[in-house]
Amino acid sequence: LVKPNPTSINIDLHMPWVWRTGVRYINRDSSGRERFDVELDFVYETTGQLDQYEITTGGKILNDPIEGLDQVHNWVDTYSLRLGGTYHLHDIFKDATLSISAGAFWESEAMPPEYTRLDFLPFQRGGLSVGVSLKWRRYSLAVGYMHTFYETREVMPEGGDGRTGACAASNGAEGCGSKIPQMTPVDSTYGGPIGNGVYKMSTDFVTIGASVQFGG
């Protein structure tokens with residue numbers, strides 16, 4: 001019978017601080033109801049604190065302790081600009097308000113090209129969004145859509161794929177594309193770089209919401 005050999009695994013990482021600031025302008029009609037608003041925000045995140053996932057375990061392979069599992073990221077701090085607004089059409093029918101919203105954002109990259117990996121893809125990106133909501137008395141219905149564009153990133157050495165020959169032997173040295181080595185829990189000096197290639201992505205979000213207020 002194979003006896004289980006449970007052990008502990010700990011992951012230590014630093015979560016970033018986030019600073020947000022912004023300005024908002026509100027335009028109201030003669031009765032004091034909001035006609036439209038425009039808001040501009042600036043966000044700064046100290047994602048540079050994520051230099052690596054520090055992984056420790058009490059396990060062994062052939063009586064050798066497992067080590068060298070730290071996942072290097074070497075992120076940098078990011079900042080972004082976000083602009084959006086909403087226009088309200090009051091009394092399109094009795095007590096009903098139709099609101100139309102739109103927005104856009106841009107965010108700098110957190111991940112240096114040579115440390116590109118698939119666990120997260122915080123590339124330079126931008127997005128556009130639109131939304132429509134209808135509120136009538138105690139009832140409301142909203143629909144929204146956002147598309148996010150990400151930079152296309154190529155992590156590749158000239159004249160090779162980074163997994164064979166001198167480039168593989170260099171373990172991800174300068175000029176060999178990816179600096180992420182193959183995970184080797186017993187001998188951290190073994191294994192060529194992984195992660196070279198072309199990274200492409202985009203995301204689409206669709207939201208639908210409805211609510212009913214009770215009381216008051």
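A salt bridge is taken here as a side-chain nitrogen of Lys or Arg within 4 Å of a carboxyl oxygen of Asp or Glu. This is a predicted model, in which local features need pLDDT of at least 70 and side-chain atom pairs count only at pLDDT 80 or more, while totals for chains, interfaces and linings use all residues. Residues are numbered from 1 along each chain as its sequence is written, and side-chain values use heavy atoms, with hydrogens and water left out.

Across the whole structure, the search finds ten salt bridges. Select Arg153 and Glu151 to begin: this pair forms a salt bridge whose closest N and O atoms are 3.1 Å apart. Arg153 is buried at 4% relative accessible area, whereas Glu151 is partly exposed at 22% (buried means under 20% relative accessible area, exposed over 50%, partly exposed in between, with a 1.4 Å probe and protein chains only).

Next, select Glu34 and Arg24, which form a salt bridge with the closest N and O atoms 3.5 Å apart. The pair links distant parts of the chain, with Glu34 in strand β3 (residues 34-45) and Arg24 in strand β2 (residues 18-28), ten residues apart; strands (E, at least two residues) are DSSP runs, numbered from the N terminus. Glu34 counts as buried at 17% relative accessibility, while Arg24, at 47%, is partly exposed.

Finally, move to Arg33 and Asp91, where the closest N and O atoms of the salt bridge are 3.1 Å apart. Arg33 lies in the loop between β2 and β3, and Asp91 in the loop between β8 (78-90) and β9 (96-107), 58 residues apart.

Key
Helix = DSSP H or I, 4+ residues; strand = E, 2+ residues; numbered from the N terminus.
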